[in-house]
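Here is a short report for a reader meeting this chain for the first time. Please keep the sequence and the 3D view open while reading.

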Amino acid sequence: MEEMRIIPAGQVREAVKKLCIKANRCLNEDVEGALCRAMAAEPYAPARDVLDILCENARAAREERLAICQDTGMAVVFLTLGQEVRITEGGLEEAVHQGVGEGYQEGLLRSSVVGDPLARKNTGDNTPAVIHTRVVPGRELHIEVAPKGFGSENMSRIRMLNPADGVEGVKAFVVETARLAGPNPCPPMILGVGIGG
């Protein structure tokens with residue numbers, strides 16, 4: 001049997017802090033590449049101009065160490081925790097929340113999170129984060145941070161369809177949602193559809 005791997009909570013906190021800053025300043029290469037390829041292939045001049053602005057913005061944010069977008073979102077943290085890992089000198093979730101708070105403050109990232117949605121009082125450090133933890137075999141701890149912006153979520157909708165509505169009902173709902181959203185979501189507008197059982 002393998003010996004437990006010890007990871008101090010401070011290392012987790014520091015990693016989350018750095019990831020919060022990086023995730024808000026550096027667009028993933030595959031996403032940036034896709035935007036720039038789309039710009040080069042876009043025949044409609046106004047759409048090409050918007051894509052060009054997005055590509056330039058991503059480059060400037062990375063080089064100038066600025067946030068890609070003023071909406072730095074809510075930190076969503078994905079933890080893949082090996083069964084043979086033991087966090088010491090503090091709790092795992094506490095370390096994640098501390099890392100998010102420090103990352104948003106040190107990175108000069110906008111805090112959008114409110115403690116009570118009705119009172120609308122900002123927490124000041126963008127905590128608490130949303131944490132998803134998956135426990136797997138092994139001795140590794142893998143951490144991913146995804147800032148979840150709120151601009152697009154303001155346009156999201158959910159509906160319980162009748163079973164008889166079928167695929168046509170789903171299509172009609174998606175089209176209606178896109179029509180109602182209009183130009184309000186932040187570009188580039190990518191439609192996400194989730195269908196549950």
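## Overall layout

Helices and strands here are DSSP runs, numbered from the N terminus: a helix needs at least four residues, a strand at least two. On that basis, the chain has five helices and five strands. Read from the N terminus, their order is β-α-α-α-β-β-α-β-β-α. The model is a predicted one.

The chain has 197 residues, and 30% of them are buried. Its C-alpha atoms fill a box of roughly 55 × 50 × 40 Å, taken along the principal axes. Take the contacts between residues at least 6 apart in sequence: 76% of them join residues at least 24 apart.

## The sheet

Three strands form an open sheet with mixed pairing. Their order is β4-β2-β5. The edge strands are β4 and β5, since each of them pairs on one side only. Neighbouring strands are turned against each other by 15 degrees on average, with direction ignored.

How do β2 and β5 run, and how many bridges join them? They run antiparallel, and eight bridges join them.

Helix α1 lies across β2 and β5. Its direction makes an angle of about 40 degrees with β5. Helix α4 lies across β2, β4 and β5. Against β2, α4 runs at about 145 degrees.

## The largest nonpolar core

The largest nonpolar core has 21 residues. Which of them touch the most other members? They are V12, V77, I87, V100 and L141. Five elements each supply at least two residues of this core: α1 (9–25), β2 (74–82), β3 (85–88), α4 (92–106) and β5 (141–148). The largest share comes from α4, with five residues.

Leaving out residues up to four places away in sequence, V12 touches I7, I87, L92, A95, V96, L141 and I143.

## The α2 and α3 pair

Two packed helices are described by the angle between their axes and the distance between the axes. Helix α2 covers residues 29–41, and helix α3 covers residues 45–64. They pack at an angle of about 145 degrees. Their axes are 8 Å apart. The crossing of α2 past α3 is left-handed.

Which residues make this contact? From α2 come E32, L35, C36, A38 and M39. From α3 come R48, L51, D52, L54, C55, A58, R59 and R62. Sorted by class, the contact has eight nonpolar and five charged residues, and no polar ones.

## T88 in strand β3

T88 lies in strand β3. Is T88 buried or exposed? T88 counts as buried, because its relative accessibility is 15% and the cut-off for buried is under 20%. Leaving out residues up to four places away in sequence, T88 touches I6, I7, P8 and A9.

## Backbone points to check

E89 has a phi of about 60 degrees and is not a glycine. E89 sits in the loop between β3 and α4. With a relative accessible area of 70%, E89 is exposed.

R120 also is not a glycine, and its phi is positive at about 60 degrees. R120 is found in the loop between α4 and β4. R120 counts as exposed because its relative accessibility is 57% and exposed means over 50%.

Where is the cis peptide bond to be found? It joins T127 and P128, with an omega of about 5 degrees. P128 lies in the loop between α4 and β4, and β4 covers residues 130–136.

Definitions and conventions: Residues numbered from 1 in each chain as written. Predicted model: local features only at pLDDT ≥ 70, side-chain atom pairs only at ≥ 80, totals over all residues. Heavy atoms only, no water. Core = buried A, V, L, I, M, F, W, Y, C linked by side-chain atoms within 4.5 Å. Buried < 20%, exposed > 50% of the residue type's maximum accessible area, 1.4 Å probe, protein only. Contact = heavy atoms within 4.5 Å. Axes fitted to C-alpha atoms, helices over the stretch in contact; angles between N-to-C directions. Left-handed = near helix turned anticlockwise from the far one by under 90°. Nonpolar A, V, L, I, M, F, W, Y, C, P; charged D, E, K, R; others polar. Pairing = 2+ DSSP bridges.
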